[in-house]
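I set out below my notebook entries on a single model. Each entry records what was looked up and what was found.

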Amino acid sequence: MNMKVSDFIDIYFEDKKSELKERSIRNKKYMIKAHIVPYFGNKAMNSITPADLIQWQNMMREKGYS
């Protein structure tokens, strides 16, 4: 899928707004925008590799997240 992660996230939340409670949407948006978008936001979905995911996980662990 040749779409930026940040664009996909916008579509995802638009699609889920009728299924999720407002609090759930707020929490998910916060977590995604704080931890995923800074690292993957401008990448095309089809360009993300397993190595990218491992690097991101390692970075999150270094910050103290599990």
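**Entry 1. Helix H1.** I looked up the buried residues of H1 and found Val5, Ile9 and Phe13; buried means under 20% relative accessible area, exposed over 50% and partly exposed in between, with a 1.4 Å probe and protein chains only. They cover an arc of only 75 degrees around the axis, so they sit on the same side of H1. The arc is taken over the directions from the helix axis to the C-beta atoms. An α-helix has 3.6 residues a turn, so residues three or four places apart point the same way. I then noted that the buried residues of H1 pack against H2 and H3. H1 has twelve residues and reaches 16 Å from its first C-alpha to its last, close to the 16 Å expected at 1.5 Å a residue; the expected span is 1.5 Å times one less than the number of residues.

**Entry 2. Basis of the values.** The model is predicted: local features need pLDDT of at least 70 and side-chain atom pairs count only at pLDDT 80 or more, whereas totals for chains, interfaces and linings use all residues. Residues are numbered from 1 along each chain as its sequence is written, and side-chain values use heavy atoms, with hydrogens and water left out.

**Entry 3. The whole chain.** I recorded four helices and zero strands, in the order α-α-α-α from the N terminus. Helices (H or I, at least four residues) and strands (E, at least two) are DSSP runs numbered from the N terminus. Along the principal axes, the C-alpha atoms fill a box of roughly 35 × 30 × 15 Å. Of the 66 residues, 18% are buried. Among contacts (heavy atoms within 4.5 Å) with a separation of 6 or more, 50% join residues 24 or more positions apart.

**Entry 4. Helix H2.** The 14 residues of H2 (residues 22-35) should span 20 Å at 1.5 Å a residue, and the end C-alpha atoms are 20 Å apart, which agrees. I asked which residues of H2 are buried. They are Ile25, Ile32 and His35. Seen down the axis of H2, these buried residues fall within an arc of 135 degrees, so they line one face of the helix. The face turned away from the buried side carries the exposed residues Glu22, Arg23 and Tyr30. The cover over the buried residues of H2 includes H1 (5-16), H3 (37-40) and H4 (50-62).

Entry 5. His35 lies in H2 and counts as buried because its relative accessibility is 13%. Leaving aside neighbours within four places in sequence, His35 is in contact with Trp56, Met60 and Tyr65. Asp52 belongs to H4 and is buried, with a relative accessible area of 12%. Not counting residues up to four places away in sequence, Asp52 touches Tyr39, Phe40, Lys43 and Ser47.

**Entry 6. The largest pocket.** What lines the largest pocket? I listed Met31, His35, Trp56, Gln57, Met60, Arg61, Tyr65 and Ser66. H2 and H4 are the elements that give two or more residues to this lining, and H4 supplies the largest share, four residues. The lining divides into four nonpolar, three polar and one charged. The space in the largest pocket is about 170 Å³.

*Terms for this entry.* On a 1 Å grid over the protein atoms alone, a pocket is an open set of points where a 1.4 Å probe fits, with protein on both sides within 12 Å along at least five of seven lines; lining residues have an atom within 4 Å of a point. The volume is the space filled by probe spheres set on the points, which are joined across faces, edges and corners. Ala, Val, Leu, Ile, Met, Phe, Trp, Tyr, Cys and Pro count as nonpolar, Asp, Glu, Lys and Arg as charged, and the others, Gly among them, as polar.
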